[in-house]
Amino acid sequence: MTDTRPAKWTIVQHWAADPQGCEVFAPYFDVDEPCCFACGWYSERWTEGRSARKAWERATLERAHIIPAGLGGASHPGNFLLLCRPCHKDSPDWDEPLEMANWISRRDERPSKEVEHVNTWLRAADRVPLLKPALRELLSRGGTAEDAIGVMRRHVRRAVLHGSELSEGTMEAVLRATARELFP
Ligand SMILES: [Zn+2]
């Protein structure tokens with residue numbers, strides 16, 4: 001089956017010309033700052049001096065039908081939203097657009113990819129009780145935060161798989177290995 005979905009930029013231009021539609025289907029929409037229409041999730045790395053068009057093309061957002069093709073949805077750009085993967089996965093596949101609008105209105109805002117990354121490290125650190133005493137021990141011996149980061153980087157390299165991001169569980173393992181090395 002051929003892909004009849006319009007290009008991302010065509011979808012963006014449709015919504016840029018329909019502010020009233022955006023109020024219902026794309027509350028976070030800003031043509032110059034690509035983000036998930038439903039939750040506002042974005043990455044600082046998408047823009048970085050690029051034109052709006054290039055930034056939207058770079059953004060890891062998925063073209064999502066309002067009414068699915070299999071339920072009679074059109075391939076017109078107005079039947080498409082650009083959503084992050086979790087929003088695309090959770091959004092309704094239904095033949096009435098009202099369900100999509102209601103779902104979007106209740107969707108929680110998500111912070112940027114970079115903020116989420118830091119929050120994930122912090123959650124992982126909460127589950128490694130040895131980490132704080134290990135860092136204190138390092139500092140009391142005249143070590144620095146850079147020393148700790150060096151150890152951590154080495155343990156991150158043990159786990160890095162090309163093209164995939166560190167999972168929360170991997171972060172926890174990295175922090176536990178770091179703490180053990182600093183505070184044997
Ligand atoms: Zn989203």
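Leaving aside neighbours within four places in sequence, Thr-178 is in contact with Ala-148, Val-151, Met-152 and His-155, contact meaning heavy atoms within 4.5 Å. The model is predicted, with local features requiring pLDDT of at least 70 and side-chain atom pairs counted only at pLDDT 80 or more, whereas totals for chains, interfaces and linings use all residues. Residues are numbered from 1 along each chain as its sequence is written, and side-chain values use heavy atoms, with hydrogens and water left out.

Thr-178 lies in helix 9; helices (H or I, at least four residues) and strands (E, at least two) are DSSP runs numbered from the N terminus. With a relative accessible area of 2%, Thr-178 is buried, where buried denotes under 20% relative accessible area, exposed over 50%, and partly exposed in between (1.4 Å probe, protein chains only). The Thr-178 side chain reaches the backbone oxygen of Val-174 at 2.7 Å.

Helix 9 comprises 15 residues, 168–182, and spans 21 Å from its first C-alpha to its last, close to the 21 Å expected at 1.5 Å a residue; the expected span is 1.5 Å times one less than the number of residues. Buried positions in helix 9 are Met-171, Glu-172, Val-174, Leu-175, Ala-177, Thr-178, Ala-179 and Leu-182. The elements covering these buried residues include helix 6 (113–126), helix 7 (131–140) and helix 8 (145–159).

The structure holds 12 salt bridges, each defined as a side-chain nitrogen of Lys or Arg within 4 Å of a carboxyl oxygen of Asp or Glu. One of them joins Glu-181 and Arg-154 at 2.7 Å, N to O. Because Glu-181 lies in helix 9 and Arg-154 in helix 8, this pair ties together parts that are 27 residues apart in sequence. Glu-181 is partly exposed at 36% relative accessibility, as is Arg-154 at 40%. Within helix 9, the side chains of Glu-172 and Arg-176 meet in a salt bridge of 2.5 Å, N to O; these two residues are four apart, and about one helical turn therefore separates them. Glu-172 counts as buried at 16% relative accessibility, whereas Arg-176 is partly exposed at 27%. Both belong to a network of salt bridges that links Arg-123, Arg-127, Glu-168, Glu-172 and Arg-176. A further salt bridge pairs Glu-116 with Arg-110, their closest N and O atoms being 2.7 Å apart; Glu-116 is partly exposed at 22% relative accessibility.

In soluble globular proteins, nonpolar side chains tend to be buried together. A nonpolar core is taken here as a set of buried Ala, Val, Leu, Ile, Met, Phe, Trp, Tyr and Cys residues joined through side-chain atoms within 4.5 Å. The largest such core has 31 residues, of which Trp-15, Cys-36, Phe-37, Leu-61 and Leu-81 touch the most other members. At least two residues of this core come from each of helix 1 (8–16), helix 2 (19–25), helix 3 (52–58), strand 2 (80–83) and helix 5 (97–106). Apart from this core lies another, of 14 residues, among them Ala-148, Val-151, Val-156 and Leu-182. Beyond neighbours within four places in sequence, the contacts of Leu-61 include Trp-41, Trp-46, Trp-56 and Leu-82.

Asn-79 is placed in the loop between strand 1 (62–65) and strand 2 and counts as buried at 9% relative accessibility. A polar atom of the Asn-79 side chain lies 2.8 Å from the backbone oxygen of Ala-74. Not counting residues up to four places away in sequence, Asn-79 touches Ala-64, His-65, Ile-66, Ile-67, Gly-73 and Ala-74.

Technical notes
A polar contact is a pair of N or O atoms within 3.5 Å; within protein, one must be able to donate a hydrogen and the other to accept it, and residues adjacent in sequence count only if both atoms are side-chain atoms.
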